[in-house]
Amino acid sequence: MTALILALVAGAVVGLALGALGGGGSVLAVPALIYLLGFTAAAATTASLAIVTATSLTALYTHARTGTVRWKTGALFAAAGLVPAAAAGAASARLPQALLTAAFAAIAALAAVRMLRPARPAAGPGQHPARPGRVAATGAGLGALTGLLGVGGGFLAVPALVTVVAFEMRAAVGTSLLVISVNSLASLATRGATTAGVDWALIVPFTGTAILGAWDGKRLAAKVTGSQLRRTFAVLLLAVAAFMLADALT
C-alpha cells in the first residue's frame with residue numbers, strides 16, 4: 001500500500017512538471033522509480049519512458065488546443081533525433097551505469113545554467129527564424145542524448161528551443177512536448193525488451209496520476225510568467241543534478 005501511495009504522488013509531480021514546464025518528467029520519474037519504488041536502473045529507464053510518452057501526448061494535446069505548439073519546427077527538431085535516439089539507446093546498454101548517471105547529472109546541470117541566463121528574444125515577424133540546418137543539428141544531438149540517457153529529453157528540449165531556436169518560453173514548452181513524445185517512442189522501441197523488474201501494478205497508477213497532473217500543470221503555466229517558469233525549471237534541474245551526481249560518486 002505504501003508503494004502504491006508513493007507511485008500516485010510521484011506520478012502527480014511528474015505530470016505537473018510536464019504540463020507546466022514542458023519537461024522534467026523523466027528527470028523526476030527515474031529517481032522516483034529507483035529511490036522511492038525500488039526499481040533497478042534498467043527497469044526505471046524503461047518504465048519512465050512509457051510513463052513520459054503517455055503523459056507527454058496528453059500534455060501535447062492541451063497545449064495544441066491553446067496554440068503554443070510550433071508544429072513545423074517541432075516536427076523537424078523531432079524527426080532529426082529519431083535515428084540518433086534509436087542508435088544511442090542500443091549503445092547505452094554497453095556503458096557502465098555510474099557513467100550514464102554522472103553524464104545525466106552533468107547535462108541536467110548545464111541545461112539549468114543555460115536556463116538561468118537571460119533569454120534570447122523570440123523570433124518575431126521582423127526577425128529571421130532559426131535556420132532549418134541548425135534546428136535539425138540540435139534535434140539530432142538531443143535525440144542522441146535522449147537515447148543514451150533513457151529520458152524523454154524535455155529538460156534539454158526546452159532550453160534548446162529557447163536558446164537555439166529563439167522561442168519564447170510558452171512556445172518552447174508546448175513544442176518540446178512534441179519532441180519528447182517522438183524521442184521517447186524511438187528510445188522505448190530500442191528498449192522494449194528490457195521489462196524485467198518493471199512492476200506494472202505500480203506503473204499504471206503512476207501514469208494515471210501523471211496524466212491528471214499534466215492537465216493541472218497546463219493551467220498552472222497559464223497563471224505564471226515565462227521567467228518564473230524558467231527559474232523554477234532551472235532550480236529543479238540543479239537539485240536533481242546534484243542528487244544524481246552525489247549518488248554516482250558514492
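**Arginines, a nonpolar core and an enclosed helix**

Biologist: Where does Arg131 lie?

Modeller: Arg131 sits in the loop between helix H6 (97-116) and helix H7 (132-149). Helices (H or I, at least four residues) and strands (E, at least two) are DSSP runs, numbered from the N terminus. This is a predicted model, in which local features need pLDDT of at least 70 and side-chain atom pairs count only at pLDDT 80 or more, while totals for chains, interfaces and linings use all residues. Residues are numbered from 1 along each chain as its sequence is written, and side-chain values use heavy atoms, leaving out hydrogens and water.

Biologist: Is Arg131 buried or exposed?

Modeller: Arg131 is exposed, with a relative accessible area of 62%. Exposed means over 50%, buried under 20%, and partly exposed in between (1.4 Å probe, protein chains only).

Biologist: Which residues form the positive surface patch?

Modeller: Arg114, Arg117, Arg131 and Arg134 form that patch. Like charges are joined within 9 Å, nonpolar side chains within 5 Å; the place of a charge is CZ for Arg.

Biologist: And which residues make the nonpolar surface patch?

Modeller: Met1, Leu4, Ile5, Leu8, Val9 and Val13 make a nonpolar patch of about 550 Å², with areas from the Shrake-Rupley method and a 1.4 Å probe. Leu4 belongs to helix H1 (residues 2-21) and is partly exposed, at 31% relative accessibility.

Biologist: Turning to the overall fold, how many helices and strands are there?

Modeller: The protein has 11 helices and 0 strands. Of its 250 residues, 50% count as buried.

Biologist: How many residues are in the largest nonpolar core?

Modeller: That core has 66 residues, and those with the most contacts inside it include Leu33, Phe77, Met169 and Phe233. Helix H9 (residues 169-190) gives the most to this core, with 8 residues. A nonpolar core is a set of buried Ala, Val, Leu, Ile, Met, Phe, Trp, Tyr and Cys residues joined through side-chain atoms within 4.5 Å.

Biologist: What about Ala171: is it buried or exposed?

Modeller: Ala171, which lies in helix H9, is buried at 2% relative accessibility. Its C-alpha atom is separated by 8.5 Å from that of Leu161, 10 residues apart along the chain.

Biologist: Why is helix H8 largely enclosed?

Modeller: Helix H8 (residues 154-163) has 10 of its 10 residues buried, so it is largely enclosed by the rest of the structure. Among them are Gly154, Phe155, Pro159, Leu161 and Thr163.

Technical notes: Patch = residues over 30% accessible without salt bridge, like charges linked within 9 Å, V, L, I, M, F, W, Y side chains within 5 Å. Salt bridge = Lys/Arg side-chain N within 4 Å of Asp/Glu carboxyl O. Lys, Arg positive; Asp, Glu negative; His and termini not counted.
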